[in-house]
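Please keep the model open while reading.

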Amino acid sequence: MKTKFVTILCLLALTLFPGTGLCKEGCVNGLCKWQGTYVWDNGNRYEGEFKNYDLTGKGTLTFSNGEVYVGEFKSWEMHGHGVYTMSDGDVFEGEFGNSDMVKGTYKYANGDTYQGEFKDWQMNGQGTYTHADGTVQSGTWKNNQYVGGDASQDKSSTQPRLAQAQPAAEPPTAQTQTEPRKAETLSAPMLAKGLVADHKVVGQFSAIPEQSIKKAIESLKIYYGHTSHGSQLVDGMRMLQSPVYDFRSLRLEETDGDLGHKGDLDWAEETRDRLGKDGNGINLVVWSWCGGVSDNNSRGIDKYLEAMDELEKDYPKIAFVYMTGHLDKRAASTLKKNNQRIRDWCVKNNKILFDFADIESYDPSGKYQANASDACEWCKQWCKTHECPPCEHCAHSHCFNCYMKGKAFWWLLSRLVEK
């Protein structure tokens, strides 16, 4: 009913007052009851079938960044068979479910091909990656990483652009210690004081006191839930490995999962289960998003904020880090609104925030990159004229993006333990 009402209002505004901008989002051709053209205020445009004002049927969705999906839809989601053409020339053809790739063939512009299963727009499940030179990797994939199976090549010799295929990293060997370190209780004043790790703190990395880093390594035990995008923090800290920034000695327990979509609270239940185990020693909890801010609404974001707040109240001696979602050109308007909702709430309520999106929106000179995405296109240009460290892996993005996030996270950890 709401969609029908908005559509009719937009149609009247566009018909009676053309060019006035009274309605930037809505149906611009046809009534969009059974057929029509619908545009969004972010520039995205759909042409095709509707079902009683519901975007269900076959059509073409053209994104403002030039990417195009042609195929089936269900209740405003890409759902069913379709072809998605990326802005860089890559093409996926196969099955979609709730606007997520499920199974099909991904053809790269460079001639590489992956055929198999997907989840969260990544290679997840069984699949075969065929390189342009004919070499093949066939087996199990997890978050764009090759886990195992038969391969006709040395898996470390070639890294496809999307997959960054490589053997799954072995867990680091625990250092031999005479006594296990005990996780300290963070100071109450620090837990109550708001902290924001954004692009501005990246430039403060070199000024972090060495004693603060040492104390963070000695006293923190971190529980971090993330999938591929969230791994950028971890990869960035690996890039910064040194005798001072000794990431290998940091007690970081990673769990495979993220903040979900549209009010999903499985992560909160998982957190409670983990914190409920005797002797866990955890004093810092962090969860990241992986696309869940882009397709969310205000109620879904509020459910996330409320759940985090409840965890803080139930576990007053543990610090909880809030996070914004990564940049996403396909949902720029929604993402920006939802991220700002998270920021405003954290600042108002003196929370601890890792501003994921803000960090990848500014270059080191402080210049705002208005057209930035999670791929960090500006990073490539920046590194042409500045020295940038290499990395083995940075999911979905440029190594320099991970490098910045690693610096920001070390800054945050150092501030948490300062008295």
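**Strands and the helices on them**

In this predicted model, strand β14, residues 221–226, pairs with strand β16, residues 284–287, in the parallel sense, and four bridges connect the two. Within this pairing, I222 has L284 of β16 standing opposite.

Both strands belong to an open sheet of six strands with parallel pairing. Read across the sheet, the order is β13-β18-β17-β16-β14-β15. At the edges lie β13 (195–197) and β15 (251–256), each of which pairs on one side only. On average, neighbouring strands of the sheet are turned by 20° against each other, with direction ignored.

Which strands does helix α5 touch? Helix α5, residues 231–239, packs on the sheet and touches β14 and β15 as well as β17 (319–323) and β18 (352–354). The direction of α5 makes about 130° with that of β14. Helix α6, residues 266–275, lies across β14, β15, β16 and β17. Relative to β16, helix α6 runs at about 155°.

Another pairing involves β1 and β2. Strand β1 (residues 26–29) and strand β2 (residues 35–39) run antiparallel and are joined by three bridges. How many residues lie between β1 and β2 in their hairpin? There are five, and G30 in the turn has a positive phi of about 80°.

Key. Residues are numbered from 1 along each chain as its sequence is written. This is a predicted model: local features need pLDDT of at least 70, side-chain atom pairs count only at pLDDT 80 or more; totals for chains, interfaces and linings use all residues. Side-chain values use heavy atoms; hydrogens and water are left out. Two strands pair if DSSP finds at least two bridges between them. Axes are lines fitted to C-alpha atoms, for helices over the stretch in contact, and angles run from 0 to 180 degrees between N-to-C directions. Contact means heavy atoms within 4.5 Å.
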